[in-house]
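Please open the model in your viewer and keep the selection tool at hand. The tour below goes from one stop to the next, saying what to select and what is there.

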Amino acid sequence: MKIDFTPLFRPHFVKIAKRTAEWPRNIEKIQRNILAKHLKKGAITEYGKKYGFGSILDAQDIYEAFSRKVPDIHYEDIRRLVMRMIKGERDVLWPGVCRDYAQSSGTSGGKSKYIPITGDSLQGNHYRGGEDAVAHYLKNYPDSRIFSGKGFILGGSFANTLGILDKNVHVGDLSATLIRKITPLAEFVRVPDRKTALLSDWEEKLPALVKKASEENITNISGVPSWFLTVLRRVMKENGAESIKEVWPDLEVFFHGGISFEPYREEYRQITRGLDMKFVETYNASEGFFAVQDDPSDKSMLLIIDRDVFYEFIPVDDEEGGIIPIWELRPDKVYELVITSSNGLWRYHLGDTVRVTSVNPVKIRIAGRTGAFINAFGEELMEDNAERGIAAACDRCGAQILNYTAAPVYARNGKKGCHQWLIEWEKQPEDIAEFAMLLDEELRKLNSDYDAKRTGDIFLDPPMVTSAGPGLFDRWLREAGTHKLGGQRKVPRLSNSRDIIEKMLAL
């Protein structure tokens, strides 16, 4: 007999969701309070003493003093400080000793980043963000039975890539720390169990995940779309099912993040056919949980402004590179995100760009990584253009993709330059040349600079589409030493150089 606990828990979550109705009137106040709280805690740290956090707190305008005295930084600016923290030093970037670190995608130098996960950031941001996702879902769907079964959370694992001997220090995917630190009571509402969830060997982990999940009544799943496709297909295969509904008849929602869902949307519709399936996007990175889709009719996400993150923004079209606070945002503009948070990141360039669709409340759509673009010929092709263009082209010709990356092909031997798209297919189009033509058409609709360079084939030739062999992207990630099942590490979608695509072609 299935017992549905949703009516018991729903009032608590709906109350959480309803607090956001007050945000439009209090955006500046809420954000200034968070900044002041962080400066007070950080004043005792080495970083806080260096930049005079105490004197900033005495200023008439704390934000003005903060923006004037504290520099905006990239990861390489604090790599040395983080490594000292990993070795056990206290009060460096945040009070106390930090034992947990999220290994994230590399910087331009190719090295991995190690983002501190403090107790304050876990409790004040990461777990609260997940709570917000469920809260808005239950507010929007009063008939939900999400707590009549369990949630299937696909996470990563730990990896001792730094040769750390201290067993109290944990480095790996953010999700591994979230799973390791979560209350044991969560075992009653989620799968897999902690031991299985933290397995690092793909060959051992995947069948274990499939077996344990197949035995449960799963009502919700959470993870990265590309990784979850592999798991769902395996679950269906092992159970002889043509739809995941045959295995989990009560499945109702997928909380997804990490990469754009658009190229995978049609595949998920097919896998979940027969279910009244909902898809909720979240913006959950190693550095924090920042936004959640709060309205099913709007693909934008609500920026979470009261969960321990102070936001600043850099207009992408501003040549001066000026940083502004959240209360000076303008709608329909693209900004680079800069955060100050309880994990010890002070005015930190996140590396993501977002399009602000609303300022009251603040709602965003992810535009892409600051380094993920192709501008070899003045075309300024951004990741958001690529995601939407490739999804539309797939829809028009019935194709489905697993993964892709693109890079410029430079002009030589009398030939003009073009873009090369390396694509691993789930369902290959009947005519690759037609797909390339459709992709070109969609990109020209989406990007006026690209369209101008493509006009009359004068400056830029049509795109070239190359089909990747099965498993190529996973093989490249393994060889690059960044492959973890369920993690958010991935091959960059766009690159302004051919370094990555050439290595992949060589495989």
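Begin with Pro-361, which is found in the loop between strand S14 (348–359) and strand S15 (362–369); what you have on screen is a predicted model. Most peptide bonds are trans.

For another cis bond, select Val-191 and Pro-192, where the peptide bond from the former to the latter has omega near 0°. Pro-192 lies in the loop between strand S5 (190–191) and helix H9 (194–197).

Most residues other than glycine have a negative phi. Select Arg-347, in the loop between strand S13 (333–341) and S14, and you will find a positive phi near 55° in a residue other than glycine. Is Arg-347 buried or exposed? With a relative accessible area of 3%, Arg-347 is buried. Then move to Asp-308, in the loop between strand S10 (301–303) and strand S11 (309–315), where phi is again positive, near 75°. Asp-308 counts as buried because its relative accessibility is 8%, under the 20% cut-off.

Now select helix H13 (residues 383–397) together with helix H14 (residues 432–446), which pack at an angle of about 135° with their axes 8 Å apart. The two helices are therefore oblique to each other, and H13 passes H14 in a right-handed crossing. To see where they meet, show the side chains of H13 residues including Asn-385, Ala-386, Ile-390 and Cys-397, and of H14 residues including Phe-435, Leu-438, Glu-442 and Leu-446. By class, this contact has 11 nonpolar, 2 polar and 5 charged residues.

Stay in helix H14 and select Asp-440, which counts as buried at 7% relative accessibility. Which residues does Asp-440 touch, leaving out those up to four places away in sequence? They are Tyr-450, Arg-454 and Pro-463.

Finish at helix H16 (residues 472–479), and colour Leu-472, Phe-473, Trp-476 and Leu-477, which are buried. If you turn the view to look down the axis of H16, these buried residues fall within an arc of 135°, so they line one face of the helix.

Conventions. Residues are numbered from 1 along each chain as its sequence is written. This is a predicted model: local features need pLDDT of at least 70, side-chain atom pairs count only at pLDDT 80 or more; totals for chains, interfaces and linings use all residues. Side-chain values use heavy atoms; hydrogens and water are left out. Axes are lines fitted to C-alpha atoms, for helices over the stretch in contact, and angles run from 0 to 180 degrees between N-to-C directions. Helices (H or I, at least four residues) and strands (E, at least two) are DSSP runs, numbered from the N terminus. Angles under 35 degrees count as roughly parallel, over 145 as roughly antiparallel, 65 to 115 as roughly perpendicular and the rest as oblique. A crossing is left-handed if the near helix is turned anticlockwise from the far one by less than a right angle, and right-handed if clockwise. Contact means heavy atoms within 4.5 Å. Ala, Val, Leu, Ile, Met, Phe, Trp, Tyr, Cys and Pro count as nonpolar, Asp, Glu, Lys and Arg as charged, and the others, Gly among them, as polar. Buried means under 20% relative accessible area, exposed over 50%, partly exposed in between (1.4 Å probe, protein chains only). The arc is that of the directions from the helix axis to the C-beta atoms.
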